[in-house]
Amino acid sequence: MAEPRARAARQKGQLNFEKELRGLLYAHGDDPDPLPETVRVLDEIVTDFIIETCHVASRYASINGRQKVKLEDFKFVVSKDERLLGRMTELIGMEKELKQARKTFNMDEGKAGLERGGLGRKRKRGGKGGEKGEEGEDGGDGEEVDDGMEEFGAFTMIAG
C-alpha cells in the first residue's frame with residue numbers, strides 16, 4: 001500500500017471495529033479493558049488497510065475494463081502476502097462449505113418436514129379450497145393441529 005489516504009471528516013474519531021479489536025487484544029493477552037488509545041490506533045490501521053485494499057482492487061478492476069470489483073481482484077491485491085492469501089482462500093472455502101451445508105440442511109429439512117408433517121410447526125388442516133390432501137387430510141376449516149413435535153432452540157425434539 002503506497003500512501004495512506006486521508007480519512008473523510010465524518011469518519012474521524014469514529015471507531016468501526018472497537019468491539020472486535022477489544023476481543024482480539026484480550027485474546028492475545030492484553031487487559032480485558034485495553035487503553036482507548038490502543039483501540040483507536042488499531043482501528044485506524046485496520047480501517048486504512050481495508051480502504052486501501054478496496055481502492056487497489058477497484059483500480060485493478062477498472063484496468064481490466066470492469067466497473068464491479070470481483071473476488072479475483074481482492075485475491076490479486078493480497079497475492080504478494082502468502083499468509084494473507086492463504087487465510088483468504090481458507091475463509092472463502094469455509095464460507096462455500098457452510099453455504100452448501102445450509103442448502104443441504106434446508107432441502108433435507110423440507111423433505112423430512114413434508115414426510116413427518118412439518119418438524120414441529122403447527123399446520124393447518126384443510127387446503128386452500130378445502131380440497132382433501134393439499135395441506136391436511138380432512139379438508140376442514142383450517143384449524144391448527146399440533147403434530148407432536150416441538151422446537152427447542154436449534155434442535156427439534158419429539159414431545160411426549
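The questions and answers below go from the overall layout to single residues.

Author: This is a predicted model, in which local features need pLDDT of at least 70 and side-chain atom pairs count only at pLDDT 80 or more, while totals for chains, interfaces and linings use all residues. Residues are numbered from 1 along each chain as its sequence is written, and side-chain values use heavy atoms, with hydrogens and water left out.

Reader: What pattern does the protein follow when read along the sequence?

Author: Helices (H or I, at least four residues) and strands (E, at least two) are taken as DSSP runs and numbered from the N terminus. The protein has four helices and four strands, and along the sequence they follow the pattern α-α-α-α-β-β-β-β.

Reader: What percentage of the residues of the protein count as buried?

Author: A residue is called buried under 20% relative accessible area, exposed over 50%, and partly exposed in between, with a 1.4 Å probe and protein chains only. The protein exposes about 12800 Å², of which carbon and sulfur atoms supply 54%; such areas come from the Shrake-Rupley method with a 1.4 Å probe, and for residues only the protein chains shown count as cover. Of the 160 residues, the share that counts as buried is 17%.

Reader: How far apart are the end C-alpha atoms of helix 2?

Author: Helix 2 covers residues 36-63. The expected span of a helix is 1.5 Å times one less than its number of residues, so the 28 residues of helix 2 should span 40 Å, and this agrees with the distance between its end C-alpha atoms, 40 Å.

Reader: Against which helices do the buried residues of helix 2 pack?

Author: The buried residues in helix 2 are Val39, Asp43, Thr47, Glu52, Thr53, Ala57 and Ala61. With contact meaning heavy atoms within 4.5 Å, these buried residues pack against helix 1 (18-27) and helix 3.

Reader: Which residue with a positive phi follows helix 2?

Author: Helix 2 runs through residues 36-63. It is followed by a residue whose phi is positive, near 80 degrees, and that residue is Gly65.

Reader: How far apart in space are Val41 and Leu15?

Author: Val41 is found in helix 2 and counts as partly exposed, at 37% relative accessibility. Val41 and Leu15 are 26 residues apart in sequence, and their C-alpha to C-alpha distance is 9.6 Å.

Reader: Is Asp73 buried or exposed, and which residue is its salt-bridge partner?

Author: Asp73 lies in helix 3 (residues 71-77) and is buried, with a relative accessible area of 0%. Its side chain reaches the backbone nitrogen of Lys70 at 2.8 Å, and, not counting residues up to four places away in sequence, Asp73 touches Ala57, Tyr60, Ala61, Arg66 and Lys68. A salt bridge is a side-chain nitrogen of Lys or Arg within 4 Å of a carboxyl oxygen of Asp or Glu; for Asp73 the closest N and O atoms are 2.8 Å apart, and the partner is Arg66.

Reader: Which parts does the pair of Asp33 and Arg22 tie together?

Author: Side chains of opposite charge can pair when their charged atoms come close. Asp33 forms a salt bridge with Arg22, with the closest N and O atoms 3.0 Å apart. Asp33 lies in a loop and Arg22 in a helix, so the pair ties together parts that are 11 residues apart in sequence, namely the loop between helix 1 and helix 2, and helix 1.

Reader: Why are Glu90 and Arg87 separated by about one helical turn, and at what N to O distance do their side chains meet?

Author: Glu90 and Arg87 are separated by about one helical turn because they are three residues apart in helix 4. Glu90 is partly exposed, with a relative accessible area of 44%, and Arg87 is also partly exposed, at 42%. Their side chains meet in a salt bridge with an N to O distance of 3.5 Å.

Reader: Which residues form a nonpolar patch on the surface?

Author: Patches are made of residues with over 30% relative accessible area and no salt bridge, where like charges are joined within 9 Å and nonpolar side chains (Val, Leu, Ile, Met, Phe, Trp, Tyr) within 5 Å. Leu84, found in helix 4 (residues 82-116), is partly exposed, with a relative accessible area of 31%. With about 230 Å² of accessible area together, the residues of the nonpolar patch are Phe49, Ile50 and Leu84.

Notes
A polar contact is a pair of N or O atoms within 3.5 Å; within protein, one must be able to donate a hydrogen and the other to accept it, and residues adjacent in sequence count only if both atoms are side-chain atoms.
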